[in-house]
Amino acid sequence: MLSAAVRSFVTYLAVSIYVLFAAPIGMALALTFRSKSILYALGHTGVRLGLATSGIRFRVAGADHILRDRSAVYCSNHQSNVDPPVLFEALHPRMHILYKAELDAIPLLARAFRMGGFIPVDRRHKEAAMRSIDAGADSLRAGNSFLIFPEGTRSRTAGLLPFKKGGFIMAIKAQAPLVPVAISGARDAMRKGSPIIRPVDVTVAFGEPIPTEALSLDDRDALVTRTRDAVAALLAENARIGRARSEVGGRR
C-alpha cells in the first residue's frame with residue numbers, strides 16, 4: 001500500500017506540474033496559430049506521463065474497428081477515473097470528449113478542454129444538456145469523433161449501469177456510427193472513493209461499428225439497447241480472455 005501511495009503522490013505531483021506549465025503555453029500557441037493540434041499533442045504527452053508514472057499499461061483488442069476515416073461516437077463502460085486518460089490515448093489522436101460540467105470548477109483545465117473542442121454536459125439542467133448534445137452533433141458533422149460514457153458515472157460492480165440517451169441522440173442527429181468499447185481492469189487501478197492509483201494492466205476492446213444512417217430519434221431506445229448489449233458482450237469476452245491467461249500463468 002505504501003509504494004502505491006507514494007507512486008500515486010508522485011503521479012499527481014508530476015501531472016499537476018505538467019498541466020500548470022503546459023496548459024498556458026498550449027493555449028497561447030493555439031490562439032496564436034489558430035490550431036488546437038498543439039493542445040492535443042501536449043494532452044497526449046501529459047496522459048503518457050501520468051500512465052507511465054502510475055504504472056498503468058493497456059492493450060487494445062479489435063483495433064480494426066476504430067474508424068480512422070470518419071467521425072464516430074465511441075461508447076464505453078466506466079469503471080474508474082483512469083478510464084478517460086487510457087481511452088484518450090488508445091482511441092484517436094484528436095478524440096473529443098463529452099465531459100461532466102462539474103470539471104469546469106478547475107478553470108485552467110476547463111479552458112484547455114473548451115479550446116480543444118471538448119463539450120461539457122450539465123445533466124442537472126435538461127435544456128443546457130440538450131444544447132450540449134446539439135453542439136456535439138454539429139462537431140460530429142464537422143468531422144470530429146467523440147468519446148462518451150453513457151452510464152453517467154462509474155459502476156461499482158462488473159455489471160453495466162443503465163445507459164443515458166444523450167450521446168445516442170447526438171449520434172442519430174449527426175448520422176454518425178457508434179463504436180462499442182469495453183474497458184476492463186481499470187477498477188483495480190483506482191477504486192471509487194479512493195485516490196490511490198495502483199499499477200495494473202488494462203484491456204480496451206472495440207466492437208463492430210453500429211450504423212445510424214436512416215435512424216430517427218424514435219429509434220434511440222433500440223439503439224441504446226443494441227449498443228449496451230454489444231458493450232456487455234465485449235466485457236464478457238475480456239473476462240473470458242483474462243481467465244484463460246490466469247489459468248495459463250498458474251500452470252507455469
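Colleague: Why is Arg-124 called exposed?

Modeller: Its relative accessible area in this predicted model is 61%. Exposed means over 50%, so Arg-124 qualifies.

Colleague: What makes Arg-124 and Asp-122 a salt bridge?

Modeller: Their side chains meet at 3.0 Å, N to O. The cut-off is within 4 Å, so the pair counts.

Colleague: Is Asp-122 buried or exposed, and why?

Modeller: Buried. Asp-122 has 17% relative accessibility, and the limit is under 20%.

Colleague: How do you know that Lys-173 pairs with Asp-134?

Modeller: The closest N and O atoms are 2.5 Å apart. That is within 4 Å, so this is a salt bridge. The pair joins distant parts of the chain: Lys-173 sits in helix H6, Asp-134 in helix H5, 39 residues apart.

Colleague: Why are Lys-173 and Asp-134 called partly exposed?

Modeller: Lys-173 stands at 31% and Asp-134 at 33%.

Colleague: What makes Asp-201 and Arg-57 a link between distant parts of the chain?

Modeller: Asp-201 is in strand E7 and Arg-57 in strand E1, 144 residues apart. Their side chains meet in a salt bridge of 2.9 Å, N to O. Both residues are exposed.

Colleague: How many salt bridges does the rule give?

Modeller: Eight.

Note on methods:
Residues are numbered from 1 along each chain as its sequence is written. This is a predicted model: local features need pLDDT of at least 70, side-chain atom pairs count only at pLDDT 80 or more; totals for chains, interfaces and linings use all residues. Side-chain values use heavy atoms; hydrogens and water are left out. Helices (H or I, at least four residues) and strands (E, at least two) are DSSP runs, numbered from the N terminus. Buried means under 20% relative accessible area, exposed over 50%, partly exposed in between (1.4 Å probe, protein chains only).
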